[in-house]
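User: Hi! I am new to this structure and would like to learn how to read its features step by step. Could you walk me through it?

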Amino acid sequence: MSLYNLQKVLYVLNRDPAAQESYRADLDALLDSYDLDDEERRALRDGDIGLLYVLGVNGQILMHYAAFLGIEWFDYLDMMRKGIERYGPVRAGIYAMTGGGDSFTVEENSQ
Amino acid sequence: MSLVYAGVCSHAPGITGRANLVKDKALREEFYAAFDVQRQEIEASGAEALVVVAAEHFANFFMNNMPAYCVGMADYYEGPIEDPEWLQIERRKIPGNADLSLRLTREIMNTVDVAYAEEWKFDHGIIVPLNFLTPRFDMPVVPVNINCQGPPLTPLPRAWAFGEALRRACDAVPERIAIVGTGGISHWPATPDSGKINEEWDRDFLDRLMRNDKAALLDYTDEQTYADAGQGGFEIRTFIAIAAAARVPGTLQFYTADLPIFAVGCTVARFDLDAAA
């Protein structure tokens with residue numbers, strides 16, 4: 001478990017165009033430069049928003065990674081919910097889902 | 001005598017980035033109009049620089065080296081760090097005033113061990129409010145950060161002490177200074193509960209804030225805040241710091257919990273500095 005390193009990858013990716021280029025050109029090489037366990041590496045390798053959320057990545061970091069991957073806002077919220085269904089409750093951090101997973105923005109979504 | 005304006009406002013990225021998804025467009029326009037009143041009041045105050053006390057979100061500061069408090073000290077800044085299309089704010093340079101920042105920081109350091117940064121990329125916490133308050137991006141900005149994202153967080157009484165130090169610093173420089181605190185009250189942004197707002201909690205907090213009731217404002221624990229107001233509620237630190245700097249009661253100019261796509265109770269308020277003069 002190295003949530004710090006996992007978040008560090010995404011922090012750097014969110015703010016550094018060179019890292020974004022490395023991500024697209026050779027993701028494995030980029031990930032090799034961080035001390036990640038297998039699950040964390042898989043989450044990044046697959047762009048698995050749900051798993052990253054459950055592993056405890058801070059939402060203010062994760063939402064920009066989702067945007068970087070081209071994921072729309074409501075899909076991003078759903079991916080977090082599905083992550084909890086698949087992998088269980090958020091394991092660390094302050095961005096846990098404390099409600100029942102209901103949408104609070106349904107009306108806008110239905111437009 | 002040189003603090004000429006003090007106020008608070010919301011800073012969520014959806015305010016600009018998801019504006020097109022709002023259902024109640026008339027209410028959205030009311031909120032934008034309240035921002036514009038705040039802009040006019042800042043301009044009417046004759047402010048020569050705007051100190052923005054915000055809670056950033058890993059644009060500059062990370063858990064490798066996380067200051068509880070930091071003041072920007074550069075002649076210009078850049079932002080937004082987010083994808084401009086995502087935030088719907090064009091990337092640009094924003095003027096700063098390194099010399100003013102230096103003088104403010106020196107004074108603050110007499111009572112608070114504040115960090116400083118000569119490089120700073122604005123995220124939505126600063127640039128969304130600036131988009132409304134200085135739409136031409138022509139007023140020098142002094143960015144200030146209070147860590148509200150990566151615990152351990154500064155205790156609320158320290159946020160109050162920081163606000164007091166900031167006031168002393170503003171009063172020690174000859175320039176006319178406006179200060180704005182940006183953040184959210186109760187909110188659960190970037191979680192599946194995004195859009196949830198505890199209006200009752202918000203209105204109670206805003207009542208304490210507008211009365212500038214120090215004891216009541218500091219009477220929260222992070223455990224209570226997390227339970228009642230979400231992780232976004234930790235950002236009350238920025239509003240509390242402004243109350244401490246203002247020293248006087250204020251006027252709530254706008255609040256609504258009915259724009260959930262912005263993922264925050266939308267707030268605009270000022271402290272009534274003139275009434276104390």
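Analyst: Happy to! Keep in mind that this is a predicted model. Let us begin with one residue: at 34% relative accessibility, Asp204(B) counts as partly exposed.

User: How do I read that number, and what does Asp204(B) meet in a salt bridge?

Analyst: The general idea is that buried means under 20% relative accessible area and exposed means over 50%, with partly exposed in between. Asp204(B) therefore falls in the middle class at 34%. Its salt-bridge partner is Arg208(B), with 2.7 Å from N to O. Arg208(B) has a relative accessible area of 15%, so this residue is buried.

User: Which residue forms a salt bridge with Arg203(B)?

Analyst: That is Glu199(B), and the closest N and O atoms are 2.8 Å apart. Here too both partners lie in helix H7 (residues 199–211) of chain B, four residues apart. Arg203(B) is partly exposed at 40%, and Glu199(B) is partly exposed at 32%.

User: How many salt bridges does the search find over all chains?

Analyst: The search of the whole structure finds 22. One of them is in chain A, where Arg41(A) pairs with Asp32(A) at 3.0 Å between the closest N and O atoms. Arg41(A) is partly exposed at 24%, while Asp32(A) is exposed at 54%.

User: How many salt bridges does the rule find across the interface of chain B and chain A?

Analyst: The rule finds zero there. By class, the side of chain B that touches chain A has 19 nonpolar, nine polar and six charged residues. Polar contacts do cross the interface: the rule finds nine residue pairs, both members at pLDDT 80 or more.

User: What area is buried between chain B and chain A?

Analyst: Buried area is what two parts lose in accessible area on being put together, summed over both. Here the value is about 3100 Å², and carbon and sulfur atoms give 63% of it. On the chain B side, Phe62(B), Ala190(B) and Pro192(B) lose the most area to chain A, together 23% of what that side buries. In terms of contacts, 34 residues of chain B meet 33 residues of chain A.

User: How do I read aromatic pairs, and how many are there over all chains?

Analyst: Look at how far apart the ring centres are and at the angle between the planes: under 30 degrees is stacked, over 60 is edge-to-face, and the rest are tilted. The search finds 21 pairs over all chains. For Tyr4(A) and Phe62(B), the centres are 5.4 Å apart and the planes at 40°, so this pair is tilted. The pair crosses between chains, from helix H1 of chain A to the loop between strands E2 and E3 of chain B. Tyr4(A) is partly exposed at 33%, whereas Phe62(B) is buried at 0%.

User: What angle do the planes of Phe61(B) and Trp120(B) make?

Analyst: They are at 90°, with centres 5.2 Å apart, so that pair is edge-to-face. Both residues are buried.

User: What does Asn60(B) touch?

Analyst: Asn60(B) lies in the loop between E2 and E3 of chain B. Among the residues it touches are Tyr11(A), Arg15(A) and Trp120(B). The side chain of Asn60(B) also makes a polar contact with that of Glu56(B) at 2.7 Å.

How values were computed
Residues numbered from 1 in each chain as written. Chains lettered and ligands numbered in written order. Predicted model: local features only at pLDDT ≥ 70, side-chain atom pairs only at ≥ 80, totals over all residues. Heavy atoms only, no water. Contact = heavy atoms within 4.5 Å. Buried area = accessible area lost by both parts, 1.4 Å probe. Salt bridge = Lys/Arg side-chain N within 4 Å of Asp/Glu carboxyl O. Polar contact = N/O pair within 3.5 Å; in protein donor to acceptor, adjacent residues only side chain to side chain. Nonpolar A, V, L, I, M, F, W, Y, C, P; charged D, E, K, R; others polar. Phe/Tyr/Trp six-rings, centres within 6.5 Å; stacked < 30°, edge-to-face > 60°. Helix = DSSP H or I, 4+ residues; strand = E, 2+ residues; numbered from the N terminus. Buried < 20%, exposed > 50% of the residue type's maximum accessible area, 1.4 Å probe, protein only. Lists of a residue's contacts leave out its neighbours within four places in sequence.
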